[in-house]
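Thanks, I will keep this brief.

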Amino acid sequence: MIDETIAEIREMQTHSSSVVAVKATRALSDLLGRDHATVEEFERDLERNASALKRANPSHASLFNAMETVLVNVVDRKDSVEEAKSLLDEVIDRVVEDVQQGKSRAARNAAPTFEDGETFLIHDFSSTVLEAVEGAASDGTYLTAYVTEARPRFLGRKTARRLAGVDRVEPHLVVDGACGTFLPECDRVVLGMDCIVDDTLYNRVGTFPIIATANYLDVPVTVVGSAAKIVDDGFVFQNEFRPPAEISLEPIEDVEIENPAYDATPVELIDEVITDNGVENL
């Protein structure tokens, strides 16, 4: 089960990092059915598999934090295999619930920050931001959203389609390069996040130029996401470079196509970060 999950996680490059973290954490339950002669053997097996799951998608801080949380709460805690496995079972359930509920709590904290008649710009597809927008709209708030396509995989189109189905929200789909044209019409930028490591926000490529332009135009920037995506130390972000075919189906002679999945933005350019804990002080 764990080997299959590792293979799946390697392919989950466009999925929410929270979804990846939950899938990896649940996969550790496979260890509960294995035979271990000693608690030390069980803990070594747990550490080895948690490390392998972390390496399967090294750009996801939520995955890193989930595996670290499991290890901290299980290793060196019990004296018998049976007790250690029972504890692992409990910790898996708790970590999964924290990851899943963290997104919803962050969305609930962000929803009241939307003001009636507000116009905002959103990039990429963030289920947490969308949940916040839906929550604000259900409370009677009318909103206008400028949605960037999020090239090259066009995940912004998915965002626009979902917003089109939300009452009181008027979505506009624009190409990424047009953000400077529409930002002056916006009250703020509202984005999700892949992770924040130290003083850097890592998010879908195209985030940095949007935030930098917003900063120049004095348009506030709000980032929304689970606190599990904020890492102080121990995690080194590794960017993904996706297939060139996403940019050009046909090879271009003497041209090397670069297709990074994420870019890096200094957090000093961000006005506020809203998580399940409230507004974070970074």
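**Helix, rings and charges**

Helix H5, residues 81-110, has 30 residues and spans 43 Å from its first C-alpha to its last, close to the 44 Å expected at 1.5 Å a residue. Helices (H or I, at least four residues) and strands (E, at least two) are DSSP runs, numbered from the N terminus; the expected span is 1.5 Å times one less than the number of residues.

This is a predicted model: local features need pLDDT of at least 70, side-chain atom pairs count only at pLDDT 80 or more, and totals for chains, interfaces and linings use all residues. Residues are numbered from 1 along each chain as its sequence is written, and side-chain values use heavy atoms, with hydrogens and water left out.

H5 has a kink of about 25°, centred on Gln-101. The bend is the angle between axes fitted to the seven residues ending at a residue and the seven starting there.

Now the rings. Phe, Tyr and Trp rings (six-membered for Trp) pair if their centres lie within 6.5 Å; planes under 30 degrees apart are stacked, over 60 edge-to-face, the rest tilted. By this rule there are five aromatic pairs. Phe-64 and Phe-235 have ring centres 5.2 Å apart and planes at 55°, so this pair is tilted. Phe-64 is in helix H4 and Phe-235 in the loop between strands E8 and E9, so the pair ties together parts 171 residues apart in sequence.

Tyr-202 and Phe-237 have centres 4.0 Å apart and planes at 10°, so they are stacked. Together with Tyr-262, Tyr-202 and Phe-237 form one aromatic cluster.

Lastly, Lys-158 lies over the face of Phe-125, 4.3 Å from the ring centre. The criterion is NZ of Lys or CZ of Arg within 6 Å of the ring centre and within 35 degrees of the ring normal.
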